[in-house]
Amino acid sequence: MDTQQLLAEYYTTPELIPPDPKTINPDNVWVDYDVESDILVIYLTKKPVPGVSYHIGNNLIAITPFDSNTIIGFQIEAWEKEFVPSQEQLAERWPNIRRSLSAERTWSPMLVLMALLLLTGYFLKPGEDEHLALALTPA
Amino acid sequence: MPLLFDTYDPRPSPCRVYLTEERYQHICTRHPELTDHVDLIQQAVERPWFITADEHDDLVENYYSKGVYPGLANLWLRVVVKQGKILTAYLVGNLKKETIIWIRSSS
């Protein structure tokens, strides 16, 4: 099998289990924005834990533990360059949130609040029977 | 800024790739599975399976190496590099459809 054939097997995303927003504890939300890579990282586990990342959308990456398909975090690539401008309300508020951060201080209470709103209003949307599905595309 | 390694990738015209202490701390904080694995990151840029052009930033290239992580043969290590500087790295279980700009001739 040549490398191109091998790669083809890895372009699919396995079935991942989204976290239930009703069980998200705000005290366990760890969030960090890195200016240099322009990546926002969110963990629902109080602090980052070892895991695997899966590309699930244009800018969106889900993180799972090694031994489970349950999502425990997200990474959003091109955060300032593409994601923030694509979300009108977020784009309005981001400059204020951004001012609460610095190279040394890559999180703030405002950033955590934003992450919570993002999780419940964008990534995890209520379904018809109150089951929650991962939103792969913007609303 | 102290460098943890300063090396070259395997392309016909090799490109310099380096990892700073600050970026390694960044990687370990956000992706603790790579703590104590500087060697894997170096291996991924010196002997990648393939290199892609980043879809978000023309100056960024992504290096991929498979099966380097102990006990997890099906995972890839993705190393994000901007003009030679490693920005971040993490393990991925699937691949993004990006433009491949270099691929190793044999696996």
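The following legends describe close-up views of a predicted model with chains A and B.

**View 1. Secondary structure of chain A.** Chain A contains four helices and seven strands.

**View 2. Burial and contacts within chain A.** Chain A has 139 residues, of which 28% count as buried. When contacts in chain A between residues at least 6 apart in sequence are considered, 49% of them join residues at least 24 apart.

**View 3. The contact between chain A and chain B.** Chain A contributes 27 residues to this contact, and chain B contributes 25 residues. On the side of chain A that touches chain B, two or more residues come from each of helix 1 (3-8), strand 1 (30-34), strand 2 (39-43), strand 3 (52-55) and helix 2 (79-86) of chain A. Strand 3 of chain A gives the most to this side, namely four residues. By residue type, the side of chain A that touches chain B comprises 14 nonpolar, seven polar and six charged residues.

**View 4. The largest nonpolar core.** This core holds 53 residues. Those with the most contacts inside the core are A:Ile42 and A:Trp79 from chain A, together with B:Ile41, B:Val79, B:Val81, B:Ile86 and B:Ala89 from chain B. In soluble globular proteins, nonpolar side chains tend to be buried together.

**View 5. The surroundings of B:Val79.** B:Val79 is among the residues with the most contacts inside the largest nonpolar core. Apart from neighbours within four places in sequence, B:Val79 is in contact with B:Ile41, B:Ala44, B:Val45, B:Asn62, B:Tyr63, B:Ile86 and B:Ala89.

Definitions and conventions
Residues numbered from 1 in each chain as written. Chains lettered and ligands numbered in written order. Predicted model: local features only at pLDDT ≥ 70, side-chain atom pairs only at ≥ 80, totals over all residues. Core = buried A, V, L, I, M, F, W, Y, C linked by C-beta atoms within 7 Å. Buried ≥ 20, exposed ≤ 12 C-beta atoms within 10 Å, placed from the backbone. Contact = placed C-beta atoms within 7 Å. Nonpolar A, V, L, I, M, F, W, Y, C, P; charged D, E, K, R; others polar.
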